[in-house]
Each structure stands twice: as C-alpha cells, then as structure tokens.
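Trainee: Could you walk me through how one reads the overall build of a chain, and then a sheet, from a model such as this one?

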Amino acid sequence: MTGQVTARLPRLEAAGLDAWLVRLFDAIDEANLAWITALTRRCEAAFGAELVDLVPSYTTLLVIFDPLRLDPELAHRRLEGVLAGLVPDAAAEGGEIRELPTWYDPSVGPELARVAERANMSIAAVAECHSQAVYRVFALGFAPGFAFMGLLDPRLAAPRLDTPRQRVPAGSVAVAGRQTAAYPAVTPGGWNLIGRTSARLFDREREGFSLLRLGDRVRFVPVDRSTFERQGGDTTPMDEEGGR
Amino acid sequence: MSEFHTTGLRVTRAGPLALLQDAGRFGVRHLGVTQGGPADLHGWAWANRLVGNPWGAAALEVTFGGLELVAERDLTLAVAGADLGATLDGEPLPLWQTAAWREGTRLAFAMPVNGLRAYLAVAGGFRAEPVLGSVACVVREGLGGHDGLGHKLAEGDLLKVGEGGGRGDGVRSAPEAERPDYRGAVRLALLPGAQIGDFTGRGLFDAFNAVWRVDDRADRMGVRLTGPRLRCRIESLISEGIGLGAVQVPPDGQPIALLNDRQTIGGYPRLGALTPLAASRLAQCLPGQEVRLVAVPRERALADYRRFRSVFEG
C-alpha cells in the first residue's frame with residue numbers, strides 16, 4: 001500500500017469499464033464488517049437493476065454494474081452519495097452463531113499433529129482451542145461457498161503447505177496464518193487440514209446457496225466419530241483419498 | 001421447462017475442451033462463484049446473432065478443435081471466432097455465416113488455423129437446466145454446462161436444441177470487418193488501475209512498451225504473459241474483488257490477465273484491466289503469440305464497447 005496510505009479513505013478506485021472498487025479500510029479488522037455489509041446493502045438499493053454483482057471482501061467492496069445502462073461517471077457519483085450517508089450495520093454486531101460440527105482427527109486432519117507440535121500443545125488442546133473461538137467471515141472466494149474466517153489464535157497460525165495438495169476432500173477444516181476455513185467441495189488447496197465438518201457449505205438446491213455469508217459468526221463444534229457419521233460426515237481417511 | 005425441445009446433436013468425438021456457454025453467471029459472485037461465459041464475447045455473440053438467437057443464448061465454445069457432432073435432425077448453424085478447420089459433411093465449412101445442417105451429417109473441428117476458440121451456435125439455441133441462474137459451464141466449480149455439473153463435452157453426450165428461432169431468409173453472414181485475423185499484431189487495450197503508480201523503475205515503461213509473449217500457462221482462468229520482469233512496490237494486497245480482464249502482477253513480475261473463470265477475489269497488485277473486447281481478443285491467442293498492452297482512456301473503451309453491443313441489440 002506504499003504510495004497510497006496517505007490518500008484518504010474511503011476512496012473509489014478504477015477497476016475496469018464496468019466496476020468501481022470502494023476501498024474502505026487498509027487493514028483487516030472485525031470492526032470493518034459492519035461497514036462493509038452496510039455498504040453492500042446500500043449499493044443494492046441504490047443501483048437496483050443496473051447492478052451486476054457486488055463482491056465484498058476484508059477491506060473493500062467491488063461494485064460491478066452494466067455499463068450499457070449506467071454511465072461509469074454516474075455510477076461514481078452515486079457511490080459517493082452512498083458513502084456520504086453510510087452508517088454501520090447494527091445487525092452485524094449481533095445475530096445467531098452458525099455451528100459447524102467438526103470431527104478433529106488425524107485421519108481426516110493430517111496436519112493436526114504438525115499444528116499441535118508448532119503450538120506446543122496436545123492434539124486435543126488444538127481441537128479445543130480451535131473450537132472455542134467465535135470466528136467472523138471476512139470474505140468469500142477461492143471457490144463457491146469458501147469462507148475466509150478469523151481471527152485464529154496466534155498459537156495455531158501455521159503457515160501454508162510448501163506444496164499445495166491437488167485434492168482436498170470436501171468438508172475439510174483448515175487453518176493458515178490467522179485464518180480458518182472449511183472446503184465446500186473437492187479442490188486443490190494449500191492449507192493445514194485439522195479435521196472435517198459434516199455441514200453442507202454450498203448447496204445449489206438451497207435458498208441462497210452458501211451456508212456462510214460475509215459478516216457471519218461461526219463456531220466449530222467438536223463431535224466424535226459416531227456423531228459425525230450420523231450427521232452424514234465422510235470418514236474416508238486422507239491416505240485412502242489419495243489426498244497428497 | 002415447459003418449452004418443447006428435443007435432442008438436437010450427438011457428440012461422436014469430444015476433443016480437448018468443448019463447453020456450453022451463455023453470457024455468464026451473475027449476481028452470485030459475493031458467494032465466491034465466478035462468472036464463466038464465453039472467453040471471446042465477440043465470436044460467441046456473432047455466432048448467436050447469425051442464427052437469429054437473442055443475446056445470451058447458449059452456444060458451444062470449442063477450444064483447440066477435435067470436436068465432432070452429428071445432427072439428430074435438420075438444424076441451422078453458424079460458426080464464428082477461431083478457424084479450427086471445421087468441415088460439415090466432409091466439406092470445408094465457411095465461417096461467420098449460416099449453413100444448413102442436415103440430419104445425420106457430421107460437423108468436425110480439426111486444429112487451430114487462425115485463433116484458438118470457435119463458437120458454434122444453432123438456431124433455437126442449446127438447452128440445458130440453468131444452475132444458479134445460468135448454463136455457463138465452469139469445470140472448476142462443477143456448475144452449469146449441458147449436464148448442470150460443469151462437465152466438458154464427452155463422447156456420447158446428447159445436446160438439446162430449442163425449437164424455432166431459425167431464419168428462413170437464406171444465408172446470413174457477418175460483415176468482413178467483423179472477422180478478425182487472430183494471427184495479426186495484437187494490441188490489447190488496458191484501463192490503468194489504482195496501483196499503476198506503484199510499479200517502479202522501468203516497470204511502467206516496460207509494461208506498455210515491451211513485447212509480451214502468451215505463455216502456455218493459459219486457460220479460462222487466466223493467461224500468463226512473459227517478458228521483462230515488472231517490479232512493484234507492493235508485493236501483495238489484502239484480497240479484494242477482481243473484475244474481468246484484470247492484469248495482476250505476482251512477485252515474479254510476469255503479468256497474468258484474468259479471464260472468465262478467474263477466482264472472484266485476489267491479492268496481487270494490478271496494472272489495470274483489459275477492456276472486455278481486449279480480454280476477448282487475448283482469449284484467441286495461441287501460446288507463443290506476441291501481444292502489446294496499450295493504455296486507453298475509459299471514454300474510448302466505453303464507446304468501443306457500446307458500439308460492439310449495439311449490433312446485437314434489437
């Protein structure tokens with residue numbers, strides 16, 4: 001951000017023919033979320049049918065509109081108006097906690113031992129530490145329904161794998177740096193796997209498709225193997241998945 | 001779907017990559033779902049236009065060639081975009097114009113002659129069940145396509161084609177000026193972005209004056225360009241939404257232009273964004289081809305895009 005930190009926030013940045021990037025903050029903070037969700041809602045109302053997509057993330061909102069129906073300069077002015085009257089989203093501070101039942105086990109969490117060793121903790125203590133916190137969803141991306149959550153206890157903040165896996169099983173619960181996530185579907189991935197959730201994170205048949213949204217509060221709830229299986233969790237161990 | 005439609009085509013050879021694409025999947029990018037849609041909007045739009053389909057109708061994007069299809073009934077077709085050496089019933093198929101496709105005859109794509117991606121449209125359009133509002137096929141996400149599961153075409157697949165929509169007024173063709181020679185000099189229009197001033201040393205000069213080579217690491221997510229190493233004061237950003245055509249520069253200094261199947265957020269500094277038509281043009285480049293980046297003002301890019309789209313309105 002060198003060369004830009006002096007420029008005043010929030011600001012509007014050019015992001016192509018059909019988009020403006022609203023930069024609200026320059027650092028990741030839970031307090032950002034109430035402003036970003038509020039801005040997202042205000043933009044939905046202000047742009048209506050001229051809106052194509054809104055992509056909120058940690059510190060920004062990308063506003064994509066139809067340049068055949070709305071002149072980019074007019075879109076810019078409209079965004080300035082929205083920013084001028086922006087108040088944080090009160091609802092973002094409360095709300096229910098989404099629970100992800102999670103089986104913490106080395107057979108489905110091959111980096112559990114590595115994370116434990118780094119933290120100088122037992123495997124059980126890692127599971128306890130990971131599941132005690134209430135995380136916030138800072139962004140969705142990478143894959144449909146993949147939620148970047150934080151902030152993780154610094155003791156569990158293991159770096160990404162040197163070589164990403166070609167195939168991470170769906171439901172895998174993972175940590176990397178100060179963030180945690182659960183993989184909605186089979187994808188490549190470089191995060192440390194510490195368990196698996198039975199929650200269906202992305203479902204094309206469900207209203208709204210994604211279980212998690214930006215700003216949501218999330219807790220991982222430890223379950224034993226039989227509960228995990230009863231909830232429909234996949235107990236296939238990583239080595240049989242050919243997960244390497 | 002209440003609308004009557006029947007099987008229209010049978011795949012007799014799959015080739016490396018053939019995907020059903022409508023205009024793309026919109027309104028779900030906040031969930032991490034990418035836009036998909038035709039990598040070359042221009043070729044896709046003309047193929048549909050020629051057979052009388054409305055903007056947004058699903059057509060087949062055929063990459064590199066190899067695909068063979070047999071008509072299960074009489075159809076009207078048009079192929080636009082790349083010349084992949086297509087033949088219809090054994091005869092060379094004229095591109096950028098309509099042709100009658102008789103039941104039982106075979107359309108075969110061979111190898112790239114000019115460009116990389118051909119678009120096959122049939123009158124009435126291909127029909128498939130939309131997924132998250134679109135039939136755009138994104139293999140990585142397992143969404144859309146002829147089967148709804150994001151699969152590329154495979155031998156034995158049956159494709160449904162809508163009834164009607166055909167033109168009874170003989171051969172229609174695209175004007176000569178609309179048929180690019182994809183082998184020619186490529187100048188890609190780029191709208192400078194917010195980090196443009198953070199490229200240091202010769203970085204900015206090189207970006208717009210060097211000759212860039214299209215790498216073989218190129219797909220529907222992005223196209224890597226190789227050339228002089230661009231240096232930027234910023235190594236990485238906090239991940240943020242990225243639009244079609246964004247040209248990001250990772251720490252190795254080699255730009256990557258992001259196309260339709262890119263991830264929805266990313267954290268590398270960007271030179272800016274290719275215009276939609278420049279992104280389309282890049283999608284027709286073969287590995288090894290040379291391109292240049294040209295900074296353009298927004299007003300001009302917008303006028304060009306509006307002119308392009310006006311052909312397809314009404």
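Mentor: Let us begin with contacts, keeping in mind that this is a predicted model.

Trainee: Which helices and strands does the secondary structure of chain B come to, and how does its radius of gyration relate to the globule rule?

Mentor: One counts the elements and then turns to the radius of gyration, which the globule rule sets at 2.2 Å times the number of residues to the power 0.38. Chain B has 4 helices and 21 strands. Its radius of gyration is 20 Å, close to the 20 Å that the rule gives for 314 residues, so chain B is as compact as a globular protein of that length. The C-alpha trace of chain B spans about 60 × 40 × 35 Å along its principal axes.

Trainee: Turning to chain A, in what order do the strands of the closed barrel run?

Mentor: The barrel has 7 strands in the order β5-β12-β9-β10-β7-β6-β13 of chain A, with mixed pairing, and the twist averages 40° from one strand to the next. Helix α3 (residues 112-119) of chain A packs on this sheet, where it touches β9 and β12 of chain A, and its direction makes about 125° with that of β12(A).

Trainee: In which sense do β6 and β7 of chain A pair?

Mentor: Strand β6 (residues 135-140) and strand β7 (residues 147-150) of chain A are antiparallel, joined over 4 bridges, and Leu140(A) stands opposite Ala147(A) in β7(A).

Methods
Residues numbered from 1 in each chain as written. Chains lettered and ligands numbered in written order. Predicted model: local features only at pLDDT ≥ 70, side-chain atom pairs only at ≥ 80, totals over all residues. Heavy atoms only, no water. Pairing = 2+ DSSP bridges. Helix = DSSP H or I, 4+ residues; strand = E, 2+ residues; numbered from the N terminus. Axes fitted to C-alpha atoms, helices over the stretch in contact; angles between N-to-C directions. Contact = heavy atoms within 4.5 Å.
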